[in-house]
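Please read the following note alongside the sequence and the model.

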Amino acid sequence: MKHLRQVVLALLVMATGAAIGAAASVNVTSTTLGVATATVPRCTASGLSVLQNLSAGTVTSVTVGVLPAACGGAILQVTVNNGVTSASGSAAVPGGGGSVTVALGSTPAVTAVEQTDLVLVGP
Amino acid sequence: MTRIVGAVLAGLMTFGLVFGLAASLNLTSDGLGSATTVVAACQSGTLNATYTSTYTAAAPGPGYTVGTVTISGLASTCYSKPYKVTLATAAGASLGEATGTTPSSGTTIVVTFAPVVSAASVTAISVVISG
Amino acid sequence: MIRRRLRLLAASAGFLLGVGLLPGLAASLSLTSHNFTPYRTCTITATPSTTTAVIDTTARQASATSNFGTLTTITVSSSGAANQRIYLRFDLTVCSPAIAASATVRLATLRLYMTAIPAACRILDLYPVTAAWVETTLTWNNQPFGTVLNNPPTASRTGTFSVGTPAGCQNQGTGTYVTGATVTADVAGFVAGTSTNFGWMIRDDAEGSGTTRTATFSAKQLGSVAQAPQLVITYVTVP
């Protein structure tokens with residue numbers, strides 16, 4: 001038992017010695033370096049209903065529906081572009097999701113085709 | 001006790017042997033030094049990114065774009081250090097990079113991207129803080 | 001004694017392990033991100049009344065050789081010998097910017113403004129048309145799906161919605177757009193290029209009814225933006 005302990009101790013000392021003896025050691029310090037990558041998550045991947053509300057042939061607001069609860073608390077930004085002009089608005093999504101009607105800052109005319117962009121920021 | 005002394009001697013011998021082996025070949029060499037140290041991040045607390053989007057009719061629109069990313073949770077140990085933030089696609093392709101120096105107070109870094117980045121394409125974010 | 005030995009062994013192992021591991025640790029920050037969810041919608045509206053981006057017409061069994069492409073209404077009817085079917089098509093290439101073939105269609109909804117409603121709850125079926133047709137020449141006799149009633153079979157429909165005044169029917173009133181007419185899978189195929197866009201045919205799920213059941217909708221030719229047929233496509237360019 002005593003032998004074994006002392007053999008181990010010897011090996012340890014030898015290893016240390018070899019390490020020290022093998023290379024000329026240099027003192028080195030380092031500044032910090034931190035890296036991270038994260039996925040940007042979506043609050044939903046399901047279909048959202050997007051309906052334009054009209055008045056006198058112009059789009060006055062947009063109702064976005066079928067918002068899941070995971071999007072609750074997000075800020076919904078909407079822009080309607082009829083190819084000539086665009087109009088935007090934003091509103092908060094209710095805590096439980098559902099639907100949100102976003103009033104536009106101006107009222108673009110309804111045309112044969114319109115692009116409506118929306119983005120949910122958060123939660 | 002004898003045995004302990006013997007063990008120490010063995011170590012010293014090993015040390016000498018290692019050195020002695022090189023000398024016996026009569027070999028010269030450039031200097032070689034090596035060392036190892038830990039490279040640490042400047043903080044362990046979590047940073048959180050949020051995005052500011054605006055509608056742009058011009059490229060990369062028409063559509064929503066990201067021009068500003070706000071990173072909160074900055075610790076004082078990361079003050080006044082160079083940073084790089086990259087917005088990327090799911091495949092890891094860079095959509096845009098922004099560099100700067102972290103502030104010397106507060107807990108947020110406001111990162112501005114110029115040119116702005118198409119919001120629809122942003123699926124990943126990377127942050128590097130060094131120094 | 002054994003314990004002492006084990007302790008010494010463990011200490012040695014720990015020392016060596018520690019020395020080996022320490023230089024290998026990566027410098028990592030902790031980073032999370034808020035949700036950020038972009039969507040895009042292309043809304044195609046049958047306006048003005050002369051647009052060719054949208055075509056709509058009715059095939060009438062009782063007038064089997066006549067075309068009704070210029071009427072201001074389109075009609076679905078189930079009757080003994082006077083059945084009627086709607087044909088309509090929306091040209092997706094008018095969407096600007098164009099919907100990329102790689103886009104993911106999340107939801108596509110067909111919107112029809114109902115002006116007359118049957119007294120019984122009727123199920124209306126949507127079928128993607130499989131051959132080309134012309135708005136000003138289509139008749140009951142030359143329609144792509146032929147003159148056999150209840151064809152194609154119900155099992156091949158890609159969408160359905162119900163109309164009727166009875167309580168519990170999905171769409172119970174006139175003067176509004178119907179709900180429930182989703183055509184997501186069809187539009188996804190058109191966008192991806194895996195199927196050709198010949199539009200849709202709408203028929204009563206049970207043609208040949210002993211009592212005539214009719215649902216009427218505003219057509220492109222009415223020229224009313226507030227009642228025009230509409231196709232709303234919601235999609236993402238990056239999932």
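How many helices and strands does chain A have?

1. Chain A has 1 helix and 8 strands; helices (H or I, at least four residues) and strands (E, at least two) are DSSP runs, numbered from the N terminus. Along the sequence, the pattern is α-β-β-β-β-β-β-β-β.

2. This is a predicted model, in which local features need pLDDT of at least 70 and side-chain atom pairs count only at pLDDT 80 or more, while totals for chains, interfaces and linings use all residues. Residues are numbered from 1 along each chain as its sequence is written, and chains are lettered from A and ligands numbered from 1 in the order in which they are written.

3. Between chains B and C, 25 residues of chain B are in contact with 18 residues of chain C (C-beta atoms, placed from the backbone, within 7 Å). On the chain B side, β2(B) provides the largest share, 6 residues.

4. β2 (46–56) of chain B also runs parallel to strand β1 (residues 30–33) of chain C, joined by 4 bridges; two strands pair if DSSP finds at least two bridges between them. Ala49(B) stands opposite Ser33(C) in β1(C).

5. The largest nonpolar core has 106 residues. Such a core is a set of buried Ala, Val, Leu, Ile, Met, Phe, Trp, Tyr and Cys residues joined through C-beta atoms within 7 Å, where buried means that 20 or more other C-beta atoms lie within 10 Å of the residue's own. Val64(A), Leu76(A), Val127(B) and Ile233(C) touch the most other members. Strand β8 (residues 113–121) of chain A gives the most to this core, with 5 residues.

Technical notes:
Two residues are in contact if their C-beta atoms, placed from the backbone, lie within 7 Å. A residue is buried if 20 or more other C-beta atoms lie within 10 Å of its own, exposed if 12 or fewer, and partly exposed in between; C-beta atoms are placed from the backbone.
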